[in-house]
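Visitor: I would like to learn how to read the features of a structure one by one. Could we go through this one together?
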Amino acid sequence: MTYAFDQDGFYVRVADRTLDNLPWLYKTRRKGHFLCLRLTELAAGLDPGTYAKLTQTPIRDGLLRLRFPRFLADVLSSTAVFGLKQILGALPYGHLATTLKVMIPLVCPDLAVCPARAEVLKTYGSPALADQLKTIAANAG
């Protein structure tokens, strides 16, 4: 799984861009774990039916309609993250949910005390995760 977290790897780039664009409020709330919790909520709250209805929507607009924070919608819709995909339907639902979950330990200030730690452990404990990570990284970059 080390390929996914190389310094120049897809997930590290997404996490770095997210942290670079993180509003100061996210850094201070919940002892710095507000972003961890928000990523967990967003991944868990993605509804396949709602997502399907927004497939022809530009990625940024679709993410905003899915209640993503503006800074995160901006990061995820940039061509540097998921390439030239212009509509939400070009970004598979599963790829987005997995990316959000995988980002948590990369943006977390202290995973040992993170309130989203249980979700992180559950995600990384999934036997299929390595294949999912390879697929997402290959399709995105």
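Guide: Gladly, and let us begin with a single side chain. Y93 has a relative accessible area of 30%, so it is partly exposed. Please keep in mind that this is a predicted model.

Visitor: Which ring does Y93 pair with, and how do I read such a pair?

Guide: Here is the general idea. A pair of aromatic rings is described by the distance of the centres and the angle of the planes. In this case the partner of Y93 is Y51: the ring centres are 5.5 Å apart and the planes stand at 75°, so the pair is edge-to-face. Y51 belongs to helix α4 (residues 48-53) and Y93 to helix α8 (residues 93-107), so the pair ties together parts that are 42 residues apart in sequence.

Visitor: Is Y51 buried or exposed?

Guide: Y51 is buried, because its relative accessibility is 4% and the cut-off for buried is under 20%.

Visitor: How many aromatic pairs does the whole structure have?

Guide: The search finds 2.

Visitor: Let us step back to the fold. What elements make up the chain?

Guide: The protein chain has 10 helices and 0 strands. Of its 141 residues, 43% are buried. If you take the contacts between residues at least 6 apart in sequence, 71% of them join residues at least 24 apart.

Visitor: How should I read the packing of two helices?

Guide: Two packed helices are described by the angle between their axes and the distance between the axes. Take helix α1 (residues 10-20) and α8: their axes come within 9 Å and cross at roughly 70°. That angle makes α1 roughly perpendicular to α8, and the crossing is right-handed.

Visitor: Which residues of α1 and α8 meet there?

Guide: On the α1 side they are F10, Y11, V12, V14, A15, T18 and L19, and on the α8 side T99, V102, M103, L106 and V107. By class, this contact of α1 with α8 has 10 nonpolar and 2 polar residues, with no charged ones.

Visitor: At what angle do α3 and α8 cross?

Guide: They cross at roughly 165°, with axes that come within 9 Å. This makes α3 roughly antiparallel to α8, and the crossing is left-handed. L35, C36, L39, T40, L42 and A43 in α3 meet A97, L100, K101, M103, I104 and V107 in α8. The residues of this contact divide into 10 nonpolar, 1 polar and 1 charged.

Visitor: And how do α8 and helix α9 pack?

Guide: α9 covers residues 117-124, and α8 and α9 pack at about 120° with their axes 10 Å apart. The two helices are therefore oblique to each other, and α8 passes α9 in a left-handed crossing. K101, V102, I104 and P105 of α8 meet E119, V120, T123 and Y124 of α9. That contact has 5 nonpolar, 1 polar and 2 charged residues.

Visitor: What does T40 touch?

Guide: T40, which sits in helix α3 (residues 34-45), touches I104, A116 and E119, leaving aside residues up to four places away in sequence. T40 is buried, because its relative accessible area is 17%.

Visitor: Where is L72, and what surrounds it?

Guide: L72 is in helix α6 (residues 70-77). Leaving aside residues up to four places away in sequence, L72 touches T18, L39, L42 and L100. With a relative accessible area of 1%, L72 counts as buried. L72 and L39 are 33 residues apart along the chain, and their C-alpha atoms are separated by 9.6 Å.

Key. Residues numbered from 1 in each chain as written. Predicted model: local features only at pLDDT ≥ 70, side-chain atom pairs only at ≥ 80, totals over all residues. Heavy atoms only, no water. Helix = DSSP H or I, 4+ residues; strand = E, 2+ residues; numbered from the N terminus. Buried < 20%, exposed > 50% of the residue type's maximum accessible area, 1.4 Å probe, protein only. Contact = heavy atoms within 4.5 Å. Phe/Tyr/Trp six-rings, centres within 6.5 Å; stacked < 30°, edge-to-face > 60°. Axes fitted to C-alpha atoms, helices over the stretch in contact; angles between N-to-C directions. Parallel < 35°, antiparallel > 145°, perpendicular 65-115°, else oblique. Left-handed = near helix turned anticlockwise from the far one by under 90°. Nonpolar A, V, L, I, M, F, W, Y, C, P; charged D, E, K, R; others polar.
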